[in-house]
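Here are my notes on the salt bridges and on one helix packing. Please read them beside the model.

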Amino acid sequence: MTWRQKYPDKFVDLTTAVAGIPPNSNIAAPPASSFPLELVNALSAREDLAGTQLQSGLLMRLPDFMSPEQKGRIMYKSFFLGPLERMIRDTVPIDAISIHFSRLHEAIGSKKYDAVLLEVSPPDVNGNMSLGPMGTLAGRAMIQAAKLVIAQINPRVPFIYGTHAHVHMDEVDMVCECNRPLFEAPDAQPDAMEEKIADIISERIPDGATIQLGIGRLANAIGERLLQKKDIGIHSEMLTPSLIRLMKEGVATGAKKELHPGQAIGGFTIGSQADYDFLHKNGNIQFYPVSYVNDPRVVAKHSNFISVNNSLTIDLTGQAVSESIGFNQFSGTGGQLDFVRGARMSKGGMSFLALKSTAGSEENPISRIQCTLNPGSVVTTPRSDVQYIVTEYGIADLDKKSIPERVRAMISIAHPMFRGDLAREAMESGLVTLADLRSQKSAA
């Protein structure tokens, strides 16, 4: 008997699937490349949505309820803002949730959802469906906390191995079907400054290191340079396209890993269809919930663990702002601090926070290294945790440094046009004395 023959009553159309969700419901859905757009749009088409809330994140296609015509019909809560969410925040209300990804399962599991909407692979012979490239982020926690579980089966969803990576047909109340390509990450080519930063960081990554890379163009640039390395291990909340390429090219063998040797460990993926196809039934790749992948104690079990993440602004003492621009939420707390701390506890480990020295236009540049953070800035990584800060002008080692030592190191990697002003502001604020700055020049 096939799974379709065993569960015929569960198969319905999209409209029927969401018809039983009551008004004033609290609903959850996996984010990004596993966002069940068709189910959400079917829900958006209903008239009785008063009080309905949807929690997800990092949207890669805007659902219908976020159109100006449907403004306010569904309240959207995001645990990580992406470019599309930032683009519409002025016109569509979005509640941003701040949480370390290592605690995401705990936070979601403590809630009660009226329904969870999923996008899954076709069932295997045992009735297990893969939660897809983003489903392991928090999908199982959502399922366990939901009264009603509704899934859309998409044959394009890869069947991924790992714990918390599947849902069984027995657990699903209703199933519908769709067939569309998964949402893909746009091609992100690094600029000259990011290329320079990648040069600085990659030359410090030894053969046999286990690495974690954040999202974006810098990760792609670093991955390109690691193609010359040997036996790289992967333990990363996000399996970036650059990390997947290292696996394809035979560079990321994981042979030196003490934990999960020979396997790449990830929490989620946003990539291309080719990347998703590479994940499909690939026994060398295991997906775990981010509560495990991001646990600093788990990270620390790897020797020579290298963590690389981006920051938006950093002050002269090393406070790293990586999720907000002033009072405006830019992205999310994510897993940065989890990996910073895990890498610091790793034997031989290193943590890098990278940022371009300036923002703004060529005509009106502003320094990303600041004496005083802008009001409302959210400190994602405290200065007591940071190790290496990198710009295109060099690397600042802040580990175990005094305040004057930190200030001098940070000024040295700021854009030259701002170094004089930063030095003056540091003296005026009492962070350093003129003698402190002169001692730096003498040492140089």
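1. Arg-103 has 41% relative accessibility, so Arg-103 counts as partly exposed (buried is under 20% relative accessible area, exposed over 50%, partly exposed in between; 1.4 Å probe, protein chains only). Its salt-bridge partner is Glu-106, with the closest N and O atoms 3.0 Å apart (a salt bridge is a side-chain nitrogen of Lys or Arg within 4 Å of a carboxyl oxygen of Asp or Glu). Glu-106, at 49%, is also partly exposed.

2. A word on the source. This is a predicted model, where local features need pLDDT of at least 70 and side-chain atom pairs count only at pLDDT 80 or more, while totals for chains, interfaces and linings use all residues. Residues are numbered from 1 along each chain as its sequence is written, and side-chain values use heavy atoms, with hydrogens and water left out.

3. How many salt bridges does the rule give? The count is 21. One of them joins Arg-180 to Glu-38, with the closest N and O atoms 2.7 Å apart. Arg-180 sits in the loop between β9 (174–177) and α8, and Glu-38 in helix α3 (residues 37–44), so the pair ties together parts 142 residues apart in sequence (helices are DSSP runs of H or I, at least four residues; strands are runs of E, at least two; both are numbered from the N terminus). Both Arg-180 and Glu-38 are buried.

4. Asp-385 and Arg-341 form a salt bridge, N to O 3.1 Å. The pair links distant parts of the chain, 44 residues apart: Asp-385 is in the loop between β22 (369–370) and β23 (388–391), Arg-341 in helix α14 (residues 336–345). Asp-385 is buried at 14% relative accessibility. Arg-341 is partly exposed at 38%.

5. Asp-191, Glu-194, Arg-217 and Lys-356 are linked in a salt-bridge network. Two of these names return where α8 meets α9: Glu-194 is among the α8 residues in contact, and Arg-217 among those of α9 (contact means heavy atoms within 4.5 Å).

6. Which residues of helix α9 (residues 217–225) are buried? They are Leu-218, Ala-219, Ala-221, Ile-222 and Gly-223. These residues pack against α8 (192–202), β10 (210–213), α10 (241–248), β14 (305–310) and β19 (350–354).

7. The axes of α8 and α9 come within 9 Å and cross at roughly 50°. That makes α8 oblique to α9.

How values were computed:
Axes fitted to C-alpha atoms, helices over the stretch in contact; angles between N-to-C directions. Parallel < 35°, antiparallel > 145°, perpendicular 65-115°, else oblique.
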